[in-house]
Number of protein chains: 2
Amino acid sequence: MAVDTLETRELRYFVAVAEELHFGRAAERLGMAQPPLSRAIQQLERRLGVSLLKRNRRGVLLTGAGEVLLHEGRAALDATTAAARRARRAGGADDPDGPRNRLVLAVKAAGSHELLRKLLDAYAAEPGAAEIEVLPCGLCEQEGLLRDGRADVALMHAPFNSLAGFDSEELMTEGQIAILPAGHPLAARKTLSLADVGDVPDLPLARWPRHGVYPPGPGPEIRDQTQLAQLIALGRTVAVLPDSARSWLWAEHTAVPLTDAPPVVTHIAWPAHSRSLALAGLVRTATRL
Amino acid sequence: MAVDTLETRELRYFVAVAEELHFGRAAERLGMAQPPLSRAIQQLERRLGVSLLKRNRRGVLLTGAGEVLLHEGRAALDATTAAARRARRAGGADDPDGPRNRLVLAVKAAGSHELLRKLLDAYAAEPGAAEIEVLPCGLCEQEGLLRDGRADVALMHAPFNSLAGFDSEELMTEGQIAILPAGHPLAARKTLSLADVGDVPDLPLARWPRHGVYPPGPGPEIRDQTQLAQLIALGRTVAVLPDSARSWLWAEHTAVPLTDAPPVVTHIAWPAHSRSLALAGLVRTATRL
DNA sequence: TCCTGTCATACCCGACAGGTATCACCGAGG
DNA sequence: CCTCGGTGATACCTGTCGGGTATGACAGGA
């Protein structure tokens, strides 16, 4: 095989080992025995002509080349499964030709509900509109869903989501608000600054996962919006959220505008170089809202 | 194998058949016999559960799903070979750890020579600068070079290059000029409009390939800058180019500014989500020029 | 020192990728 | 109408290699 041609299988194996940093666990994850995995990685290193792992007697470490291959390999694996998924979706229909008119739209579960409703309504009214499957997802998952083909298009929120590597159009800009327990002294203020809410000893800022990990801090770790709403109502935490979060406020909540929080920009984003007509129509509808 | 896992080999085979639309020729291009190729494609269609090709007795045609898989598959293959190439480059050095300090910079052969020189000089003066390998390329090749890992970073020129799918920073904006034979009547004008140069019967606009194909038109097909310079000097054609093309004008040439041509913006672009420190340093230097 | 946990090596086997030969089909000519 | 050329599909064989089991080599901790 050519020296710069990798098989998907080899990449899968290497990524597993690089993530586990342990041949045994990686083999288990891959559903195979450890020796053939060791051999496959050795063959890979030989073919590439570089050492990817430093075998220490206590597990393994990545070399510089290994870091690069882990990073680029993940992207390549995503692109490969995206190709399979999108091809399958395009041809899942009964009729032999003409791509299946269906789009998977990834949206943050509790984000921009108003906008989403308007978009779906407006697009459904278009002649020849495709069927839109709405895929609710966690807080920062849209990027992964687009990359590995589980979704075709997503609503993203800068600066929380990264738009790098995607095409996108800006849809909406909104300010941010602090959501406080109604009885808290700060809730009486007309406006607040980030410094005000970030520095309240009895009301630590809630934290939610960014790209899978929680940022450090004293506040509670949040998994979903209901949990957050409850903790705020109980006077245990405060949250900074886009203005559209007002739509789900409880009676025990008070929203106060933040003067110096960065604005949140909602984009519609899709894989660069997409050629789907249905997608183009959806984007056109979205930008005209 | 999982239903949405494709092997690189399968993708290579399918892309070859989809491009040739002919099993025999595709097999020849792949260096194998036709029957195993037919079988591999059939297995692929069975596993994906979709029909990718319509077998007509006179060759084959792509189905909708086939079109999608061709497009996404090319991207996936590019990402895979990019992973291999970049890993190889990162570890090519003798020392076992630390990524190899080397970047491949793709530049359009005759484009922005001034800017390139300034960039290379400024970056070389930085402490701990990586070695920069300059990879000269054709007019629209930068995108492919970045995508398949032959280059790490590129100088691109909007609106000629598409920045979709890359991260980039703007470096320079310049107007465009018409380059005419010195003796031509239009060469006496102070300024020109696109309509002026696009509609001269005795001086058809030169054409060069965009993404591999020449746009239609009466003008001569250009392959390199020397050829273009000669044809202009001979009074056979006129060209519209960025202002920096003045640096290679001949005595027989006259440059006239265009009032209504879109400005050309030079960007430095790199694959989204790159994590190379050397690249970050180069970009920082470039934006400070 | 032994024991434990790690990755590498040795060896075997079955699956499957790929080759050759051939078929089935259809369109173009005579 | 028949034949012929050119297409992709089928049948069948073979060698390679991916994967399994058993075991080795080696370092660190008790």
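B:Leu11 counts as buried because it has 24 C-beta neighbours inside 10 Å; a residue is called buried if 20 or more other C-beta atoms, placed from the backbone, lie within 10 Å of its own, exposed if 12 or fewer, and partly exposed in between. This leucine sits in helix α1 of chain B, where helices are DSSP runs of H or I with at least four residues, strands are runs of E with at least two, and both are numbered from the N terminus. Leaving aside residues up to four places away in sequence, B:Leu11 touches B:Leu6, B:Gly73, B:Ala76 and B:Leu77, and also A:Ala83 of the other chain. Such a contact requires that the C-beta atoms of two residues, placed from the backbone, lie within 7 Å. B:Leu11 and B:Arg74 are 63 residues apart in sequence, yet their C-alpha atoms are 8.1 Å apart in space.

The model is predicted, so local features are taken only at pLDDT of at least 70 and side-chain atom pairs only at pLDDT 80 or more, whereas totals for chains, interfaces and linings use all residues. Residues are numbered from 1 along each chain as its sequence is written, while chains are lettered from A and ligands numbered from 1 in the order in which they are written.

Of the 289 residues of chain A, 42% count as buried. Among contacts in this chain between residues at least 6 apart in sequence, 67% join residues at least 24 apart.

How are the two protein chains related? A rotation of 180° with 0.0 Å of shift along its axis superposes chain A on chain B, with an RMSD of 0.1 Å. That is the relation of a two-fold axis. The superposition is by least squares on the C-alpha atoms of residues with pLDDT of at least 70 in both copies. In chain A, the residue that comes closest to the rotation axis is A:Gly165, whose C-alpha lies at 2.0 Å. Both copies use the same surface, for 100% of the contact residues of chain A recur in chain B.

The contact between the chains takes 44 residues from chain A and 45 residues from chain B. On the chain A side, α1 (8–20) and α4 (64–91) each supply at least two residues. The most comes from α4(A), which gives 21 residues. By class, the chain A side divides into 19 nonpolar, 15 polar and 10 charged residues; Ala, Val, Leu, Ile, Met, Phe, Trp, Tyr, Cys and Pro count as nonpolar, Asp, Glu, Lys and Arg as charged, and the others, Gly among them, as polar.

The largest nonpolar core has 61 residues, and A:Val17 and B:Val17 touch the most other members. Such a core is a set of buried Ala, Val, Leu, Ile, Met, Phe, Trp, Tyr and Cys residues joined through C-beta atoms within 7 Å. Helices α1, α2, α3 and α4 of chain A and of chain B each supply at least two residues of this core. Beyond four places in sequence, B:Val17 touches B:Phe23, B:Ala26, B:Leu37, B:Ile41 and B:Leu53. Apart from this core lies another, of 25 residues, including A:Leu146, A:Ala154, A:Leu155 and A:Met156.

Around DNA strand D are 18 residues, the closest being A:Met32, A:Ala33, A:Pro35, B:Pro35 and B:Ser38; a residue is near a strand if its C-beta atom, placed from the backbone, lies within 6 Å of it. The most comes from α3(B), with 5 residues, and the surface near DNA strand D divides into 8 nonpolar, 6 polar and 4 charged residues. DNA strand C is surrounded by 17 residues, with A:Pro35, A:Ser38, B:Met32, B:Ala33 and B:Pro35 the closest. Here α3(A) provides the largest share, 4 residues, and the classes are 8 nonpolar, 5 polar and 4 charged.

Finally, strand β7 (residues 176–181) of chain A is mostly covered, with 5 of its 6 residues buried. β7(A) runs antiparallel to β8 (residues 239–242) of chain A, joined by 4 bridges, and A:Gln176 has A:Pro242 as its bridge partner in β8(A). With β9 (residues 253–257) of chain A, β7(A) pairs in the antiparallel sense over 5 bridges; pairing requires that DSSP finds at least two bridges between the strands. The partner of A:Ile179 in β9(A) is A:Ala255.
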